[in-house]
Amino acid sequence: MGATVPQRFLHDGSTDSMLAAIARAIASGRPAAVAPAAEGSLFAEDGEPVPADPAAADALLGRIGRDLGGDWVRRILRLLCSEEDGAEDVAFRALALAFARGAGVMGFHANPDVRRANAIDRRVAGEVHRLKGLLRFRRLASGRLWGPVEPRHNVVAMVAPHFGRRLGAERWLIHDAVRGFGAAGEPGGAVRPCDAAAVEAELRGGLDASETDYQGLWRTYFDAIAIRTRSNPRAQRRAMPARYWACLVERPGGPGGAPRPASK
Amino acid sequence: MLAARSGVANPFRRRSAGDPGAHPAYTPGVDVERKIEVLAGAAKYDVSCASSGSRRAGEGTGNASVGGICHSWSDDGRCISLLKILFSNHCIYDCAYCANRASNPVPRASFTVDEVVRLTMEFYRRNYIEGLFLSSGVVRSPDHTMEELVRVVERLRVDERFHGYIHLKAIPGASPDLVRRAGLAVDRLSVNIELPSEVSLRRLAPEKSKDDILRPMASIAGGIVESRAERRRHRSAPAYAPAGQSTQLIVGASPEDDRRILDLAHGLYRKFGLKRVYYSAYVPVNPDPLLPPPEGPPDILREHRLYQADWLVRLYGFAPAEIVDDARPNLDRAVDPKTAWALRHPERFPVEVNRADRDTLLRVPGIGFKSAARILATRRFAALRAEDLAPLGIVLRRAHAFLTCGGRRVLPPPPRAVAVDDRQPELFAAGCCP
Ligand code: SF4
């Protein structure tokens, strides 16, 4: 590889390491890229590993907040928790552009970096919005409402505050069944993170006896509300991609159409 | 489809028999599952399902949806955001176009107040729904029915401290006092106007007078205006139907043309400040000599064109007369109304995408609010090039003939892009659920 190859800063997958790597890439002042350390040994020698550094991460977020505003802090965090390939590099490039040209640069839709950042951001924000509707709670025997989800992006922390407001009088648990952890809410709206062991403990008592009845009533409603002569499976899938069906209670796609939820 | 029953008793069963709130028409022993089948089935043709535009918060359960959250999509592709049911499908009236009319031999059912309250709360907590959409046939009398509906919504708000969304259909002919109580408890209150003219109303819904419909409409409009004024003075004054009023029109059951329908809608928007008019293609449910013969499927294309035209008038600043007039009383079925208008006005085109202001851009077919905003934002950084247009969300297949970019003609997209376009351009997204 020639001298024009950008210098690569490698992170370990944690947000603090990603932010520290982005900070280094910006500070380097030369063509740079941010990538995961485990990407492949072929290029590893080109890269410089940047360990998780909470101080550097906080310093960068502080600078973003000061120079570009709170929207930019949230935007960068959304990009980093997208878990999409290359998202950390897109975040770095968008950020470098914003530091150079101002916070309003996301309106520069003709720029490919801006477009990529906006596209990932839209997908994450889209999933957050979608889950606010598609998440289904089940009543546990303990009285807590349990909402298993299998999101594409790491968004439970972004979904939880909505349910804190919505279910102010309830105890609930949103459970990211892909990543193993969750967020729990208590009456009054307080929300706390839950690790895998805490989730496990909550689920031990099983479902409340009335739960299957309400699920049955909802499925009856779901089937009764469809106009059979206007059946439109394509529109249904476009609005509600099949990857979300496993955690639903209803069965889209007609009787027997959806797989049974993994979690019952 | 009946869901498989578990061994666990349905919590509704115990409470339904002998419920002091039971409706006179309620048949004990008919379980909630069957009621849902009958009464959701009877409500499903009602298209108004928007659940946005109001905000409630406080102790209790729920925050009325802020961004219009869809909770599911039924097999016909429509968004489900509300528990949309009839309280009862018993009806003393005999409207020709309605499946629930008295003379129709359909299965009948009525919920109790308690059942509707319970279903709403339990579905809401499980995040199945954003709220309740409640309507009803006329049982015994308009006031008797309205009274039951008011009991449901008052119990939800007061006893259950439910802050989710409620849309209630007022019963035509109900007393102003009941309408007023309903307005204070719900987010949206509406009266279906059903048919686009008085003549058709007299012919097809002889027991309902124009006055029965317009009086509650006017009273709701008055309640909303009053409460807004009051709330400007005292923030704690009660909100009256804060998400406004809407109505629904059946299209194709009677002979009115599109111009007549759009004029009526425009009048309703202006006179009663309606939030939305919903158009519903007539679905033949009863053979009746007064109705068009049930041939072919419902005219969904006409319904779709009316929504597009309504959208242009309400949001894009078109006057109804620019879309339909004496010479063209019906919308063009072949192209959308914006394209039809642009084709009639070659003198306004092409538009230079690097110079045109927002209003001019919005009149270009294939450019909607989002793409117009992106064009303006991008122009602040650099002049647009032809290759920038598609990524900005402009639907080139429709827009290219009406645009220049840097003084040059814009080429149509390659054929592959046409296939992608079944995503539906922004304008087309103007269906029943914003
Ligand atoms: S009053 Fe309403 S429910 Fe009764 S027949 Fe007429 S349209 Fe149907």
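Reader: What area do chain A and chain B bury between them?
Author: In this predicted model, the two chains bury about 5300 Å² between them, with 58% of it on carbon and sulfur atoms. Buried area is the accessible area (1.4 Å probe) that two parts lose on being put together, summed over both. On the chain A side, Arg166(A), Tyr214(A) and Arg230(A) lose the most area to chain B, together 16% of what that side buries.

Reader: How many residues does the contact take from each chain?
Author: Chain A gives 62 residues and chain B gives 62 residues. Contact means heavy atoms within 4.5 Å.

Reader: What do the numbers and letters rest on?
Author: Residues are numbered from 1 along each chain as its sequence is written, and chains are lettered from A and ligands numbered from 1 in the order in which they are written. In this predicted model, local features need pLDDT of at least 70 and side-chain atom pairs count only at pLDDT 80 or more, while totals for chains, interfaces and linings use all residues; side-chain values use heavy atoms, with hydrogens and water left out.

Reader: How many helices and strands does each chain have?
Author: Chain A has 10 helices and eight strands, and chain B has 16 helices and 11 strands. Both are DSSP runs, numbered from the N terminus: helices are H or I with at least four residues, strands are E with at least two.

Reader: Why is Ser246(B) called buried?
Author: Buried means under 20% relative accessible area, exposed over 50%, and partly exposed in between (1.4 Å probe, protein chains only). Ser246(B) has a relative accessible area of 1%, so Ser246(B) is buried. It lies in strand β7 (residues 245-251) of chain B. Beyond residues up to four places away in sequence, the residues that Ser246(B) touches include His167(B), Arg188(B), Leu274(B) and Tyr278(B).

Reader: What share of each chain is buried?
Author: In chain A, 50% of the 264 residues count as buried. In chain B, 57% of the 434 residues do.

Reader: What makes Arg140(B) exposed or buried?
Author: Arg140(B) has 55% relative accessibility, so Arg140(B) counts as exposed. Its place is in the loop between β4 (131-135) and α4 (142-159) of chain B. Arg140(B) also has a positive phi of about 65 degrees, although it is not a glycine.

Reader: Why is Arg161(B) called partly exposed?
Author: The relative accessible area of Arg161(B) is 42%, so the residue is partly exposed. Arg161(B) lies in the loop between α4 and β5 (165-169) of chain B. Its phi is positive too, near 50 degrees, in a residue other than glycine.

Reader: What makes Leu306(B) buried?
Author: Leu306(B) has a relative accessible area of 0%, so Leu306(B) is buried. Leu306(B) is placed in helix α9 (residues 300-315) of chain B. Apart from neighbours within four places in sequence, its contacts are Val251(B), Asp258(B), Ile261(B), Leu262(B), Tyr279(B) and Leu331(B). Leu306(B) and Pro337(B) are 31 residues apart in sequence and 8.8 Å apart in space, C-alpha to C-alpha.

Reader: Why does Arg139(A) count as buried?
Author: Its relative accessibility is 13%, so Arg139(A) counts as buried. Arg139(A) is in strand β4 (residues 138-139) of chain A. Among the residues that Arg139(A) touches are Glu170(A), Glu211(A), Glu122(B) and Arg126(B).

Reader: Which residues of helix α4 of chain A are buried?
Author: In α4 (residues 70-80), the buried residues are Trp72(A), Val73(A), Arg75(A), Ile76(A), Arg78(A), Leu79(A) and Leu80(A). An α-helix has 3.6 residues a turn, so residues three or four places apart point the same way. What covers the buried residues of α4(A) includes α1 (15-28), α3 (54-68) and α6 (112-134) of chain A.

Reader: Which residues surround the ligand?
Author: Cys91(B), Tyr93(B), Cys95(B), Cys98(B), Arg101(B), Gly137(B), Val138(B) and Lys208(B) surround the ligand. A residue is near a molecule or strand if one of its heavy atoms lies within 4 Å of it.

Reader: What classes of residue does the shell around the ligand have?
Author: The shell has five nonpolar, one polar and two charged residues. Ala, Val, Leu, Ile, Met, Phe, Trp, Tyr, Cys and Pro count as nonpolar, Asp, Glu, Lys and Arg as charged, and the others, Gly among them, as polar.
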